[in-house]
Amino acid sequence: MRFLNRSYSMYKKMILYISVLIAVVLFVQSLILNRNFEKIGSRMTFDSNVNMLSQISYSANYMNDAVRSFAATIYSDPNNLPLRYAPSANPEETYGQLQIIDTMVNQSPYIYSVYIYNGEQDRFYSSKTGTIVDADHFPDRDLAQLIEQNLLPADYQFSPIPRQIPLNSYNGANRLATNVLTYLICDRYSDSGRIQSAIVVNVKVDYLTGLIKELKNKGSSLSNDVAILTGGGLISDGLHADAEQTGPLTKASMQRVVGSTEKSGYFKAGSGKDSKLITYVSSDILDWKFVSATPFQEIVKDINKLRLVTYLACVVIAAIGLVLAYFLSKHLYSPLRRVIGTVGSAVNADPAGAQISEIEFLSRVFMDNIESAKSLKIAKNENDNRLKQQELRHVLTDRSLSPEQIEKTFLRLHVGLLPHSPLLVCHFAIDDLDAFQRRFSLRDQELFRYMVGNVSGEMIDGQFRHEFVVLDGRQLILIAQSRSDDAVGAYSQVPGLMRSIQEWFAEKTGLSLTVAIGYLVPDVSEIHAAYQNAVELSKYRFIYGHRSILTPENTDAVSAEAFERPISLERQLDESLSAGKLDDCIRHYSDIVRHISRYSYDDVASYLLYFCYLIYMKVNDLESKGYDKLPLEIQPFTQEIVACETLEQVNVKFMEMFASIAEVVKQKKFKRKNALAEKIIHILETDYRNKGLCQEGVASDLNVSKDYVGRIFKETYAQSFGEYLNEIRLNRAAQLLSTTKKNIAEIAEEIGWENKNYLYTMFKAKFGMTTSEYRTKFGL
């Protein structure tokens, strides 16, 4: 055996594994920190932006409430009714009221201007210019068209509409405009649905954009882009954009924010340097989304510094870990090196070898030692078991052993039986032993026999002490001793336990066992007698069949009278064989079997050998009388009978022999019948012209009875003697009608038919036409 002595492969592996472990831990830790840094940075930015956007949302809601109050004041002021509904205007009153409204506008930080539309006059009153302008010439054309065409949504309810209004009346490049949020109160409509009266309040968008800038500068050090998504567009840093413009948001980001159902949230939009963290908050009152777009690079700017510090720390830790790995590996490897040296010296290992590692070397040494120990233990167990089996065989079969000798044997071999307690012996026999030996190898047969001992021991272990002995291939002996003081009561349970063992083997292995249970003996001094009793009982499997449970009660049923041959039944069987009557043979043989089954096994076995001789003599007698030779050799047939394990198997052999004998007899009779029938046919076909030809005359010529001739002929040809004779004569008559010119009287004379009229009748019955018709159809 060789081991690695100078390369220190295990030492190097330990350093490598510890270093790799440290590197993996640092890598996983760095990865986790990196991911969490971004999450934490994004979350902190989100919290800051949500706070800022919530303040903007609160201010927008406050502004919305103030505008509602302002519009309600204008609407409820009765001095404004002429401006809204009067069919004509009083210039002095009108301008006075417009000045009042303009004063209110100037006092509000939110309101940019107020328009009042009078549908009766189709005019607009503007607080901004203090003018009255026809609708067709009103500078704010978008609003004029909205009112004229009623372009408001059907569900519109005093909510802001983002739009631009002109600052002058010019069109084209010189036109100036400002962003406003327009609120409308419409309370009168014409039959055609046109708006007849409206109050229009334009709110300064500059207020919101200024608020956004102020909160951006105050609430965050990051360069956020803040925008408000309204129903009609986007408000961002003082600019109102329509739906096509995006401001700080991409279209995809806007769609994601608008489609969100959450009150607030954030997500990362874009990739690379252009990526942004989008934060949004929804208003509870206005259908607006307040959005912040923060460049992601600014969020991770500080995080990247932290990452660099983390990476440097990991490198330092890794360097320290490598140094620790070196010293730790050296410390751990030191005792291993001493063990390898000690083991190598103990097993005479070659120190110059470099073929296997230290661990593999130790593993091989330990496994070799374990296998050696197992082999020694197995060998010892087998030797102990072999010695124990040998001694137990001696105890069972040698009647000269004294109880003291048996007791010493039990103590020396640690036999689990008490020498002075009652015990019984059970004899197991494997049914269909020849088939069992053909099916399994010798090794498997031996294992199966020991399996019988193991299984039976496990099944009775709770109630009985036990030992199992294999005497030879046919005798498997179980010695059982009750664990309780009631040995007789325990003995009554043994047949049920043996039946359970039989059923287990039938189910698990498909094999059959017969068990003979000997009588209960008081102690080991009578163990030989108990064994002999169980062996004697096992012979009765021949009578009771396979899978029997044999007990002393079976032998109690044996007749005590001297054996008496069934001579009358033998005679009846002989006559049935001579007659070839198989059913009678089987019946008489069954009576013989019932008769001999009352006696002991030895009487039955002896009689069957005698019965083989009787059958052999009967076969010789039949052959001497000219019957066909039967394939019966007395010696091989007797050996087959002796090899049978049960009387049922013997019955099959004899039934087959009876069937063969009956068939030979039947063939002989059939040949005789056929020969006689052929003679009768020959007479009929050659002497049919003789009018005196009859069954009685033919019987007299053949020296048999008239009835016998009729029966044989009927059995052979399925016709009576007279029917066959008539058929021959009628066929000859038909032949003469078709080939000659003879009249019917001449033909009747030639075929031996006495009554011409009867000939007419029989001819028509056979051929379906009269003699004249037949000659006309088939004649010359």
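The legends below describe close-up views of a predicted model.

Residues are numbered from 1 along each chain as its sequence is written, and side-chain values use heavy atoms, without hydrogens and water. Local features need pLDDT of at least 70 and side-chain atom pairs count only at pLDDT 80 or more, whereas totals for chains, interfaces and linings use all residues.

**View A. Helix H3, residues 91–107.** Helices (H or I, at least four residues) and strands (E, at least two) are DSSP runs, numbered from the N terminus. The 17 residues of H3 should span 24 Å at 1.5 Å a residue, and the end C-alpha atoms are 24 Å apart, which agrees; the expected span is 1.5 Å times one less than the number of residues.

View B. Buried means under 20% relative accessible area, exposed over 50%, partly exposed in between (1.4 Å probe, protein chains only).

**View C. Gln97 in H3.** Gln97 is buried, with a relative accessible area of 7%. Gln97 touches Asp77, Asn79, Asn80 and Leu83 (heavy atoms within 4.5 Å), not counting residues up to four places away in sequence.

**View D. Contacts of Ile111.** Leaving out residues up to four places away in sequence, Ile111 touches Val67, Phe70, Val105, Val201, Asn202, Val203 and Lys204.
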